[in-house]
Amino acid sequence: MEIQNFFPVWNKLSHPQQELLRQHTTARSASKGTILYSGSTECTGLILIKSGQLRAYILSPEGREITVYRLFERDICLLSASCIMRSLQFEITIEAEKDTDFLLILPDAYRQIMEESAPLANFTNEVMASRFSDVMWLIEQVMWKSFDKRLAKFLLEESVIENSDQLKITHEAIGNHLGSPREVVTRMLRYFQNEGMVKLSRGRVILIDRDQLNALQDT
């Protein structure tokens, strides 16, 4: 997958701008569990995902994780190059959830072209606005949705991502996604199991009654 496949405004860039982006783009790979960016590191650059899966999460002062959003094939990660957006202060960690191949654009080159090209600047702002919409949606979920509804929604979404009703995931990992202690996740999953919605085994959650889970998340 080439760099131009990630930018719908590619043809609106001049030839020198296109070449500058190409010259400052490198192909990289990251194994599962690799931290690609954290708020304490230098500006990494734009990450363009060719294959694999990334997870963006934030940490509470107590060290508890909560997933903000996830990124898949053809997605662009802008927050790993937050220095291109002046005055943006956002502590976030980007981790490879699966083995991932990606392109990395150096931030200085991208910022230079963005300052010259209105179409690229507008596209960048649209992507950033979409990510912050994800953040606002998360805040609404945490504030107003009960944990059983959030857990049901997460299990259904994870089933779609993995294309399977058998989820290979630990209670701790679910807690990290949802920002809840493992013990809370375990208690709720056991309740789901007693209600016939899921079946639990070591390191796995098997969805049994999707209709019931759907009804729960929609209430």
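Here is a tour of the ring pairs in this model, with a charged side chain at the last stop. Keep in mind that the model is predicted.

**The pairs.** Counting pairs whose ring centres lie within 6.5 Å, you get three aromatic pairs.

**Stop 1: select Phe7 and Tyr110.** Their ring centres are 6.1 Å apart, and the planes sit at 35°. Now show the cartoon: Phe7 is in the segment before α1 (15-23), while Tyr110 belongs to helix α2 (residues 107-116). These parts are 103 residues apart in sequence, so the pair ties them together.

Are these two buried or exposed? Phe7 is buried, with a relative accessible area of 3%, and Tyr110 is buried too, at 1%.

**Stop 2: select Tyr191 and Phe192.** Here the ring centres are 6.2 Å apart with the planes at 55°, so this pair is tilted as well. Tyr191 is partly exposed, with 41% relative accessibility, whereas Phe192 is buried at 0%.

**Stop 3: select Tyr69 and Arg131.** What sits over the ring of Tyr69? Look for the charged end of Arg131: you'll find this end 5.0 Å from the centre of the ring.

Terms used:
Residues are numbered from 1 along each chain as its sequence is written. This is a predicted model: local features need pLDDT of at least 70, side-chain atom pairs count only at pLDDT 80 or more; totals for chains, interfaces and linings use all residues. Side-chain values use heavy atoms; hydrogens and water are left out. Rings of Phe, Tyr and Trp (its six-membered ring) pair if their centres lie within 6.5 Å; planes under 30 degrees apart count as stacked, over 60 as edge-to-face and the rest as tilted. Helices (H or I, at least four residues) and strands (E, at least two) are DSSP runs, numbered from the N terminus. Buried means under 20% relative accessible area, exposed over 50%, partly exposed in between (1.4 Å probe, protein chains only). A charge sits over a ring if NZ of Lys or CZ of Arg is within 6 Å of the ring centre and within 35 degrees of the ring normal.
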